[in-house]
Amino acid sequence: MRAKNAKSAPSARPPALARLPALDLLRGFVAVGRRMSVTLAAQDLFLTQSAVSRQVAALEAAIGVPLLQRHHRAITFTPAGRQLFDTADAALNAIAHCVQQVRQAGAERPVTISASVGVTGLWLLPRLTQLQAALPDVEVRLSADNRLNDLHREDIDLAIRYCPAPDAPADAEPLFGETIAPVAHPDLALAALNSARSLRGVHLLELDDAAHPQLGWQHWLAQRGLAGARPAGVLHFNQYDQVIQAALAGQGVALGRLELLRRQRDQGLLRIIPAKASPAPLAHAYWLLHAAQAPRPAVTRVAQWIREQAAAGREAGEAGQTA
């Protein structure tokens, strides 16, 4: 006869946990469910589309029921998929929030700043030495990405965003506007770009960015009545910092975003080529975003440093307008 107070020996591994699918499979499924797109889910997870598709297929095989219905250009949940997604999404959110709290309590984590590849390379990186001197006790991490990151989900503290004022979040802080002007290495010795003739012997350095036509030569020339001009050639790039590197190497003329190029101009590495002024003000500007309404002290100090650097650099745009 077994004593009333006797306790059964605990199992080494709870059966319920042993039967759960792997966390990576659930994470891949939840990422697809949040976006209803394998392509966008793959971007969020920094994986390939085929890897995410395999994760979902493996989860369906492990559970034994279909979770998604694949159509020609769309994905929908099966009833079982909707039930699992609602529970798994809430559970992964709770785990992520708990992990973040534990991480913050365990150690002072770096202040993560997110910005586009161009802003990171041309504006933040040249100022890192100053940042380290001003805040030697603060560890900083830069995240260069042209995607619009989810600050909370991707553990980002501060972000510098480039957009028109109507598209900026309500709590975004304006840092500086944008001034566009042709720039080139002084060795090219270009006098001006104000006529079709002045462009004949010039190689233009072009950023291929359909989302921002105001940064392209076609838009710039058309605004100044020079749409029919024929330059000596056009070199195309898919990142703005590549455009500027080519200009620094003397390979042609770039459309300079002057607020990002103050250092290069101050050092005499690039000079503004005189040209007709823009007939209309530029709508885009640069904004500072906070992930938290009550940020950590280290984040507050880095944000203030960014504000001070932005204020000091506004004169570059003003100088460009009068050049």
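How far apart in helix α10 are R262 and D266, counted in residues and in helical turns? They are four residues apart in α10 (residues 262–266), which means a separation of about one helical turn. The background is simple. An α-helix has 3.6 residues a turn, so residues three or four places apart point the same way.

Some ground rules first. This is a predicted model, where local features need pLDDT of at least 70, side-chain atom pairs count only at pLDDT 80 or more, and totals for chains, interfaces and linings use all residues. Residues are numbered from 1 along each chain as its sequence is written, and side-chain values use heavy atoms, with hydrogens and water left out. Helices (H or I, at least four residues) and strands (E, at least two) are DSSP runs, numbered from the N terminus.

Back to that pair. R262 and D266 form a salt bridge, with closest N and O atoms 3.4 Å apart. A salt bridge here is a side-chain nitrogen of Lys or Arg within 4 Å of a carboxyl oxygen of Asp or Glu. D266 is exposed, at 57% relative accessible area. For burial, the cut-offs are: buried under 20% relative accessible area, exposed over 50%, partly exposed in between (1.4 Å probe, protein chains only).

The whole structure has twelve salt bridges. One of them joins D157 and R109, at 3.3 Å, N to O. D157 sits in the loop between β4 (140–144) and β5 (158–164), R109 in the loop between α5 (79–106) and β3 (111–115), 48 residues apart. D157 is buried at 7%. R109 is buried too, at 11%.

Next, R301 and D137. Their salt bridge has its closest N and O atoms 3.0 Å apart. R301 lies in helix α11 (residues 297–322) and D137 in the loop between α7 and β4, so the pair ties together parts 164 residues apart in sequence. R301 is partly exposed at 34%. D137 is exposed at 55%.

Now R127. Its place is the loop between α6 (117–124) and α7 (128–134). R127 is buried but has no salt bridge; D266, the nearest side chain of opposite charge, is 7.4 Å away. Lys and Arg count as positive, Asp and Glu as negative; His and the chain ends are not counted. Leaving aside neighbours within four places in sequence, R127 is in contact (heavy atoms within 4.5 Å) with L122, R263, W305 and Q309.

Last, helix α4. Its buried residues are A51, V52, Q55, V56, L59 and E60. After α4 comes G64, with a positive phi near 95 degrees.
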